[in-house]
Amino acid sequence: MSKTMKGVSKQAPGYDQMAFIDLSVPEATDDKVLIKVAYTGICGSDIHTFKGEYKNPTTPVVLGHEFSGQVVEVGANVTKVKVGDRVTSETTFYVCGECDYCKEKQYNLCPHRKGIGTQQNGSMANYVLAREESIHLLPDHLSYEGAAMSEPLACCVHAMYQKSHLELKDTIIIMGPGPIGLYLLQIAKEIGAFVIMTGITKDAHRLALAKKLGADVIVDTMKEDLAKVVNEITDGYGVDKVYDASGLIRKQGQFIQVGLFANKMVDLDTESIIQREIEYIGSRSQNPYDWPIAIHLLAKGAINIDEMITKKYPLTEWREAFDKVMEGNEIKVMIESNPEEF
């Protein structure tokens with residue numbers, strides 16, 4: 001194995017400050033697992049980091065946290081993962097193990113948590129290091145490309161299954177037909193909920209895809225009156241749950257915030273929350289309970305992998321891949337870390 005590798009690194013705070021650098025291949029010690037990376041999906045948070053809008057990452061740090069690959073080395077304390085295994089990994093790299101959240105495996109809430117691609121070098125490199133507890137084995141028939149979508153899908157599972165308890169009878173709105181919105185849509189349709197997907201005029205191709213993926217109603221809010229559409233569908237009651245935005249929720253409905261904002265302070269209609277007894281629910285990332293469900297959904301074909309992945313670039317063309325995401329016309333863009341080997 002080569003002792004050096006290439007990685008896409010955020011070198012310092014601020015806009016861009018990115019570099020394609022040489023790194024030492026990390027060593028798998030103790031409970032750590034070294035993975036040769038197959039694919040990494042570019043996440044919205046990677047774009048926020050590129051633009052200097054996301055304050056969470058430590059710098060310098062290699063980006064990338066939506067990934068799949070093959071195990072090439074394991075530490076001395078690893079017992080359940082072996083060289084050759086096809087895997088994906090949760091983003092949790094370090095937690096204290098002592099707080100109440102850790103004791104319940106809610107690692108996403110540990111105050112000392114360090115994540116892959118934010119505080120620990122991530123997967124936009126030839127190799128990435130993960131801890132054994134975070135590893136998930138892939139079903140034989142699940143592709144590496146599909147497996148690289150397990151992390152954002154797990155975030156959506158967290159929002160819909162753990163935080164809002166989506167039900168078959170629910171009528172919901174999903175605001176925004178980006179990758180997360182389209183994952184939420186496909187989970188909701190797998191459950192059997194009635195889904196209204198909204199977007200704006202420039203999202204026309206994404207709204208068309210949403211319809212193809214099962215949305216019951218699509219609404220261009222720049223051309224159509226969403227309130228009128230909702231009132232007609234729900235007989236004036238409003239929807240049961242809204243994901244990512246609010247305003248049209250029925251009394252005692254739920255608003256679930258899944259996406260991140262570049263600006264952490266946003267206007268909130270507290271009057272509606274109080275008067276209509278709306279639950280405003282934050283959904284942060286994912287935890288170990290979400291991953292088996294996400295992988296199951298991918299493996300059974302509930303998520304249309306081919307429609308979701310619209311571009312692939314080799315690691316050496318990472319900047320073009322980022323530019324393509326920022327143009328806003330793609331759904332999910334993948335980086336191939338070792339394209340000649342997978």
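# Notebook: a look through the predicted model

I began with Val 95, which counts as buried at 11% relative accessibility. The cut-off for buried is under 20% relative accessible area. I note here that the model is predicted. Val 95 sits in the loop between S7 and helix H2 (100-103). I listed its contacts, leaving out residues up to four places away in sequence: Cys 102, Tyr 107, Cys 110, Arg 113 and Arg 131. I also checked the C-alpha distance from Val 95 to Lys 114, and it is 6.6 Å across 19 residues of sequence.

Next I went to Thr 92. Thr 92 lies in strand S7 (residues 92-94). Its relative accessibility is 2%, so Thr 92 counts as buried. Beyond four places in sequence, Thr 92 is in contact with Tyr 107, Arg 113, Lys 114, Arg 131 and Ser 134. I see Tyr 107, Arg 113 and Arg 131 in the Thr 92 list and also in the Val 95 list.

**Whole chain**

How many helices and strands does the protein chain have? I counted 11 helices and 18 strands. The radius of gyration is 20 Å, close to the 20 Å from the globule rule for 342 residues, so the chain is as compact as a globular protein of that length. Along the principal axes, the C-alpha atoms fill a box of roughly 65 × 40 × 40 Å. Of the 342 residues, 52% count as buried. I took the contacts with a separation of 6 or more, and 68% of them join residues 24 or more positions apart.

The accessible surface is about 15400 Å², and carbon and sulfur atoms hold 49% of it. For charge, I have 36 positive and 47 negative side chains. The centres of these two sets lie 1 Å apart.

**Cores**

Which residues touch the most other members of the largest nonpolar core? They are Met 160, Ile 174, Leu 182, Leu 185 and Tyr 243, in a core of 47 residues. Another core, of 38 residues, lies apart from it, and includes Ala 28, Leu 63, Val 71 and Ile 335. Residues up to four places away aside, Met 160 touches His 165, Leu 166, Ile 172, Ile 174, Leu 184, Ile 187, Ala 188 and Tyr 243.

His 158 is found in helix H4 (residues 150-163). Is His 158 buried or exposed? I have it as buried, with a relative accessible area of 4%. Not counting residues up to four places away, His 158 touches Asn 108, Lys 163, Ser 283, Arg 284, Ser 285, Gln 286, Asn 287 and Asp 290.

Val 230 belongs to helix H7 (residues 226-234). At 1% relative accessibility, Val 230 is buried.

**Backbone checks**

I found a cis peptide bond from Thr 59 to Pro 60, with omega near -5°. Pro 60 is in the loop between helix H1 (44-50) and strand S4 (61-62).

Gln 17 has a positive phi of about 55° and is not a glycine. Gln 17 lies in the loop between strand S1 (4-10) and strand S2 (18-24). Its relative accessible area is 40%, so I list Gln 17 as partly exposed.

Asp 30 also has a positive phi, near 50°. The loop between S2 and strand S3 (32-41) holds Asp 30. At 47% relative accessibility, Asp 30 counts as partly exposed.

Notes: Residues numbered from 1 in each chain as written. Predicted model: local features only at pLDDT ≥ 70, side-chain atom pairs only at ≥ 80, totals over all residues. Heavy atoms only, no water. Helix = DSSP H or I, 4+ residues; strand = E, 2+ residues; numbered from the N terminus. Buried < 20%, exposed > 50% of the residue type's maximum accessible area, 1.4 Å probe, protein only. Contact = heavy atoms within 4.5 Å. Rg over C-alpha atoms; globule rule 2.2 N^0.38 Å. Areas by Shrake-Rupley, 256 points an atom, 1.4 Å probe, with all protein chains shown as cover. Lys, Arg positive; Asp, Glu negative; His and termini not counted. Charge placed at Lys NZ, Arg CZ, Asp CG, Glu CD. Core = buried A, V, L, I, M, F, W, Y, C linked by side-chain atoms within 4.5 Å.
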